[in-house]
Amino acid sequence: METLSFGKNSQGKETSLYILENKNHAVMKVSDHGATLVSLLVPDRDGKMQDVVLGYDKASDYEGHTCYFGATIGRNGNRIGKAQMVIDGKPCSIAANENENNLHSGPNGFDRALWEVKGHTENSITFSHLSREEEQGFPGNLQVEVTYTLTDENAVEITYQGKSDKATIMNCTNHSYFNLGGHASGSVEQQELQILAESYNPVRDAKSIPTGEIAPVAGTPMDFREPKPIGQDIGADFEQLKFTGGYDHNYVLSSHAGEFKVMANAYCKETGIAMEASTDCCGVQFYAGNFIGDQEGKGGAAYCDRCGFCLESQFYPDAVNQKGFPSPIIQAGETFTSKTSYRFYVK
Ligand code: BGC
């Protein structure tokens with residue numbers, strides 16, 4: 001493993017970039033700033049290496065934006081309505097950072113933390129972080145670990161482990177934006193996506209808190225059971241897509257329930273790069289990168305809306321407040337683990 005400087009963060013602390021390579025010369029670069037996946041170089045059909053995730057060149061660039069490129073999100077991925085909840089019978093409120101709601105755990109999210117390197121092997125690295133009770137407002141001190149492994153099958157496997165001294169939420173995800181044409185290649189709307197889900201969670205309005213329903217995708221533009229270009233139906237006259245300005249919904253992986261299975265497939269005709277995404281989580285947020293905006297990414301790349309898509313494995317949004325959804329709560333002393341992987345190949 002090679003280690004480079006990733007610059008100083010806003011607290012003046014040095015951050016690092018760790019570089020791991022597998023036997024196919026695929027390369028994974030991760031940082032202790034936010035336990036972030038910064039780069040992922042995999043071969044295209046001509047054997048040329050393509051960096052298939054969006055990112056920035058240094059830690060301070062991540063701090064200057066709110067896209068969460070490649071970051072570890074926690075303790076809670078996605079939204080908590082009114083930034084309030086009851087855990088173990090006790091009401092608890094956290095920062096409201098998007099309207100009156102909480103998104104991705106607020107300003108002190110795991111994406112802003114400087115993680116410790118707990119250890120590494122030839123093909124993996126484990127970051128650890130002690131999330132103290134007072135930092136985000138959730139109950140309990142949560143000890144959390146994230147391990148990134150680059151396998152010889154060109155998969156990035158991400159495992160999460162958490163244990164707390166009080167009942168709390170443990171719902172981490174990775175916020176990588178994929179572009180199978182290469183991170184600097186522009187819109188992903190022509191790239192094909194399949195999501196192996198029969199249903200999704202409709203949202204109430206533009207603030208994106210679920211209604212509590214689990215609605216079938218059949219007969220709607222939300223249906224990705226068969227592969228189709230991301231952009232094919234994104235502009236359809238369909239209220240759910242109007243609320244969120246394009247796909248930004250949780251798909252229900254009902255058959256998963258702790259079983260590690262394929263959740264989605266994606267493909268780019270131009271490069272021939274395909275991705276198979278798997279998880280043991282019960283849901284996945286498909287976000288089409290609708291609000292990336294025009295900005296400069298790694299190596300001066302020009303990023304724009306929909307130049308990357310996210311498949312964030314998670315508990316359903318606002319699950320802590322919705323009785324019908326699987327619960328993201330872990331009990332004191334319980335160890336929670338989950339695993340998600342993104343495998344790349346050429347076809
Ligand atoms: C959310 C989007 C949000 C994006 C970046 C996604 O997980 O669902 O609504 O814009 O993260 O913050």
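**View 1. Composition of the lining of the largest pocket.** The lining of the largest pocket comprises eight nonpolar, eight polar and five charged residues (Ala, Val, Leu, Ile, Met, Phe, Trp, Tyr, Cys and Pro count as nonpolar, Asp, Glu, Lys and Arg as charged, and the others, Gly among them, as polar). A pocket is an open set of points on a 1 Å grid over the protein atoms alone, where a 1.4 Å probe fits, with protein on both sides within 12 Å along at least five of seven lines; lining residues have an atom within 4 Å of a point. The model is predicted: local features need pLDDT of at least 70 and side-chain atom pairs count only at pLDDT 80 or more, while totals for chains, interfaces and linings use all residues. Residues are numbered from 1 along each chain as its sequence is written, and side-chain values use heavy atoms, with hydrogens and water left out.

**View 2. Space and secondary structure at the largest pocket.** The largest pocket holds about 400 Å³ of space (the space filled by probe spheres set on the grid points, which are joined across faces, edges and corners). It is lined by 21 residues, with Arg79, Glu98, Leu103, Tyr287 and Phe291 closest to its centre. At least two lining residues come from each of helix 3 (239-244) and strand 24 (283-287); helices (H or I, at least four residues) and strands (E, at least two) are DSSP runs, numbered from the N terminus.

**View 3. The ligand and its shell.** The largest pocket contains the ligand, in that more than half of the ligand's atoms lie within 2 Å of the grid points. Thr66, Tyr68, Asn78, Arg79, Leu103, His104, His175, Tyr177, Asp248, Gln285, Tyr287 and Glu312 surround the ligand, each with a heavy atom within 4 Å of it. Four residues of this shell are nonpolar, five polar and three charged.

View 4. Polar contacts here are pairs of N or O atoms within 3.5 Å. A side-chain N or O atom of Glu312 is 2.6 Å from a ligand oxygen. For polar side-chain atoms of His175 the distance to a ligand oxygen is 2.8 Å, and for Gln285 it is 3.2 Å. The protein covers 91% of the 310 Å² of accessible area that the ligand has on its own (Shrake-Rupley method, 1.4 Å probe).

**View 5. The loop between strand 6 and strand 7.** Arg75 lies in the loop between strand 6 (72-73) and strand 7 (79-80), and a cis peptide bond with omega of about -5° joins Gly74 to Arg75. Asn78 is in the loop between strand 6 and strand 7; its phi is positive, near 70°, in a residue other than glycine.

Note on methods: A polar contact is a pair of N or O atoms within 3.5 Å; within protein, one must be able to donate a hydrogen and the other to accept it, and residues adjacent in sequence count only if both atoms are side-chain atoms.
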